[in-house]
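Subject: Structure handover

Hello,

The structure you asked about follows. My notes on it come after.

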Amino acid sequence: MVDTTPLTRAVDHFADRLRAAPQSRLQRGAAAEALALARELALWAQRIEDPSGEQRVMPDAGMFAAADQITVAVHDLAVVLRDEGEVQEAVRLVEEAQKRAGV
C-alpha cells in the first residue's frame with residue numbers, strides 16, 4: 001500500500017485556506033481553480049478504477065463547496081493510487097492549483 005499522507009496533507013492545507021478565504025477571493029477565481037482541480041483528480045481516480053467506463057464530471061456545487069469537493073476528490077484518488085510517483089504528481093497538482101488560486 002502506498003503512503004498518501006503527503007497528498008492528504010497538501011489538500012487539507014488547500015481546503016483550509018479556501019474555507020478561510022473571503023468571498024471576494026473565491027469569486028475572483030479561487031473556487032473555480034479548486035473545482036477544476038477536483039474534476040481533474042476525480043477523473044484520474046475514475047480512469048484507474050475503471051479505464052473503459054464512462055467518465056463522470058464532478059458537478060459545480062458552488063463556490064462555498066469547493067474546499068469539500070477537492071477534499072472528496074483527493075480522498076477518492078488516494079485510495080486507488082498505485083505508487084509514490086503518482087502520489088508526488090498529485091501533490092504537485094494540488095500545490096500548483098493552490099498557487100493559481102492565490103490562497
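Contact here means heavy atoms within 4.5 Å. The model is a predicted one.

By that criterion, and leaving aside neighbours within four places in sequence, E86 is in contact with W44, I48 and L81. E86 belongs to helix 4. Its relative accessibility is 12%, so E86 counts as buried, the limit for that class being under 20%. The side chain of E86 also comes to 2.6 Å from the backbone nitrogen of R82.

Q69 is another buried residue, with a relative accessible area of 10%, and sits in helix 3. A polar atom of its side chain is 2.7 Å from the backbone oxygen of P59. With neighbours within four places in sequence again set aside, the contacts of Q69 are L35, A38, M58, P59, A61 and G62.

How do helix 1 and helix 3 pack? Helix 1 covers residues 5–20 and helix 3 covers residues 66–80; the angle between them is about 170° and their axes are 8 Å apart. Angles over 145 degrees count as roughly antiparallel, so helix 1 is roughly antiparallel to helix 3. From helix 1, the residues that take part are L7, T8, V11, D12, F14, A15, L18 and R19; they meet A66, A67, D68, I70, T71, V74, H75 and A78 of helix 3. Sorted by class, this contact has ten nonpolar, three polar and three charged residues.

The largest nonpolar core holds 37 residues. Those with the most contacts inside this core are L7, F14, L18, L41, I70 and L77. Two or more residues come from each of helix 1, helix 2 (23–49), helix 3 and helix 4 (84–101). Helix 2 gives the most, with eleven residues.

Apart from neighbours within four places in sequence, L7 is in contact with V74, A78, L81, V87, A90, V91 and V94.

Finally, a residue from a loop. D50 lies between helix 2 and helix 3. Is D50 buried or partly exposed? The relative accessible area of D50 is 41%, so D50 is partly exposed; that class runs from the buried limit of 20% to the exposed limit of 50%. D50 and V74 are 24 residues apart along the chain, and their C-alpha atoms are separated by 17 Å.

Regards

Notes:
Residues numbered from 1 in each chain as written. Predicted model: local features only at pLDDT ≥ 70, side-chain atom pairs only at ≥ 80, totals over all residues. Heavy atoms only, no water. Axes fitted to C-alpha atoms, helices over the stretch in contact; angles between N-to-C directions. Helix = DSSP H or I, 4+ residues; strand = E, 2+ residues; numbered from the N terminus. Parallel < 35°, antiparallel > 145°, perpendicular 65-115°, else oblique. Nonpolar A, V, L, I, M, F, W, Y, C, P; charged D, E, K, R; others polar. Core = buried A, V, L, I, M, F, W, Y, C linked by side-chain atoms within 4.5 Å. Buried < 20%, exposed > 50% of the residue type's maximum accessible area, 1.4 Å probe, protein only. Polar contact = N/O pair within 3.5 Å; in protein donor to acceptor, adjacent residues only side chain to side chain.
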